[in-house]
Amino acid sequence: MSASIIDGKAYAAGLRARITDAVGDMAQQGATPGLAVVIVGEDPASQIYVKNKARQTVEVGMRSFEHVLPASTSEAELLSLVAGLNADPAVDGILVQLPLPRQIDAQKVIEAIDPAKDVDGFHPINAGKLMTGVPGLVSCTPLGCLLLIQSVQRDLAGLNAVVLGRSNIVGKPMAQLLIGQSCTVTVAHSKTRDLPEVCREADILVAAVGRPEMVRGDWIKRGAIVVDVGINRVPNPSSGEGKTRVVGDVAYAEASAVASAITPVPGGVGPMTIACLLRNTLEAACLRRSLPMPSLDVRLA
Ligand SMILES: Nc1nc2c(c(=O)[nH]1)N[C@@H](CN(C=O)c1ccc(C(=O)N[C@@H](CCC(=O)O)C(=O)O)cc1)CN2
């Protein structure tokens, strides 16, 4: 078996096209959504992600407010900026890029964001809504994963899903989303006994552990849908001294020989994270204005 490739880049482009149409309709009513992105410090990967977020925000027709703060920013200064953005009527969504410098308690900052503007879906109010099945803003990466899984198989009821990783940002919300689709969900992690055996039970395997190519081909059930959230930089000496390449948490070639469908890295889940951020900003803007959320159903041919 050679797995079909789940093209996250193409799916994300389709989603952004729908968002652009919806934002155009809102702009005509004088209600252009706005997204504020805050970065603290100079982490190179974060700088790229934030630049991409700001560019794509403008490309879909939204207003982008970028706040670049020095690494020495205090927690109080960041909390004061967040309070200002909470109060700003032009801002529908607020995202504080993670990770934050050591002197800032990220959880405190997340909890300071107005849950109605929490387009990352990290606030305990939104996490709690997801857990209890109440509509709310859902964390972007897991939401993107679910959309990609459903682009392969719409009805997931009764399937065994294994989520590798238990972070608040990906593993836990992913598990909740799959429970919401009536999957039988196992959350596995570094202390799980016989990880390969647990993974082999999965009809859907979501790997979010941050360990390069940890999941091998013989961990995967024949015909499974495999979603790789990992973005790991590893040395790539064949392209020159000090060069790196990006790999996922799954050994792609091995897994492709066994799975029925698989997301590549890059070009799988990553692009969906930003597309879902824009989707969440649209949702937050609609909710704040008591407008109906447009349908963004995306189907690839
Ligand atoms: N406040 C947040 N911080 C962080 C989040 C988040 O969702 N909210 N997620 C990650 C980083 N991230 C977005 O912020 C992100 C990561 C990766 C990609 C992406 O498109 N990746 C490319 C490959 C990139 C590469 O080559 O390095 C891909 O997979 O194709 C987009 C967004 C941590 N922080």
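Predicted model: local features only at pLDDT ≥ 70, side-chain atom pairs only at ≥ 80, totals over all residues.

Colleague: At what angle do the axes of helix 6 and helix 10 cross?

Modeller: They cross at roughly 110° and come within 8 Å. Angles from 65 to 115 degrees count as roughly perpendicular, and helix 6 and helix 10 are therefore roughly perpendicular to each other. Helix 6 covers residues 140-152, and helix 10 covers residues 269-288.

Colleague: New topic. Is helix 7 buried or exposed?

Modeller: Helix 7 is largely enclosed by the rest of the structure, because 7 of its 10 residues are buried. The helix spans residues 171-180.

Colleague: Which residues of helix 7 are the buried ones?

Modeller: Gly171, Pro173, Met174, Ala175, Gln176, Leu177 and Leu178.

Colleague: Let's follow strand 7, then. Which residues sit on each side of it?

Modeller: Ile204 and Val206 are on one side, with Leu205 and Ala207 on the other. All four are buried, so both faces of strand 7 are covered.

Colleague: How many bridges join strand 5 to strand 7?

Modeller: There are 4, and the two strands run parallel. Leu164 is opposite Ala207 of strand 7.

Colleague: What about strand 7 and strand 8: parallel or antiparallel?

Modeller: Parallel, and 4 bridges join them. Here Leu205 stands opposite Val226 in strand 8.

Colleague: Switching to the backbone. Where are the cis peptide bonds?

Modeller: One runs from Leu98 to Pro99, with omega near 5°. Pro99 is in the loop between strand 4 and helix 4. Another goes from Val265 to Pro266, with omega near 0°. Pro266 is in the loop between strand 11 and helix 10. That is the helix 10 that meets helix 6.

Colleague: What is phi of Asp194?

Modeller: Near 45°, which is positive in a residue other than glycine. Asp194 sits in the loop between strand 6 and helix 8.

Colleague: Is Asp194 buried or exposed?

Modeller: Exposed, because there are 9 other C-beta atoms within 10 Å, and the cut-off for exposed is 12 or fewer.

Colleague: And Glu213, where does that lie?

Modeller: In the loop between strand 7 and strand 8. Glu213 also has a positive phi, about 50°, and is not a glycine.

Colleague: Why does Glu213 count as buried?

Modeller: Because it has 20 other C-beta atoms within 10 Å, and a residue is buried at 20 or more.

Colleague: Last one. What does UniProt list for residues 6-120?

Modeller: Its unreviewed entry gives "domain: Tetrahydrofolate dehydrogenase/cyclohydrolase catalytic" for those residues. In this model, the span is 50% helix and 16% strand. Its end C-alpha atoms lie 23 Å apart.

How values were computed
Residues numbered from 1 in each chain as written. Axes fitted to C-alpha atoms, helices over the stretch in contact; angles between N-to-C directions. Parallel < 35°, antiparallel > 145°, perpendicular 65-115°, else oblique. Contact = placed C-beta atoms within 7 Å. Pairing = 2+ DSSP bridges. UniProt positions renumbered as here; feature names shortened; annotations may be inferred.
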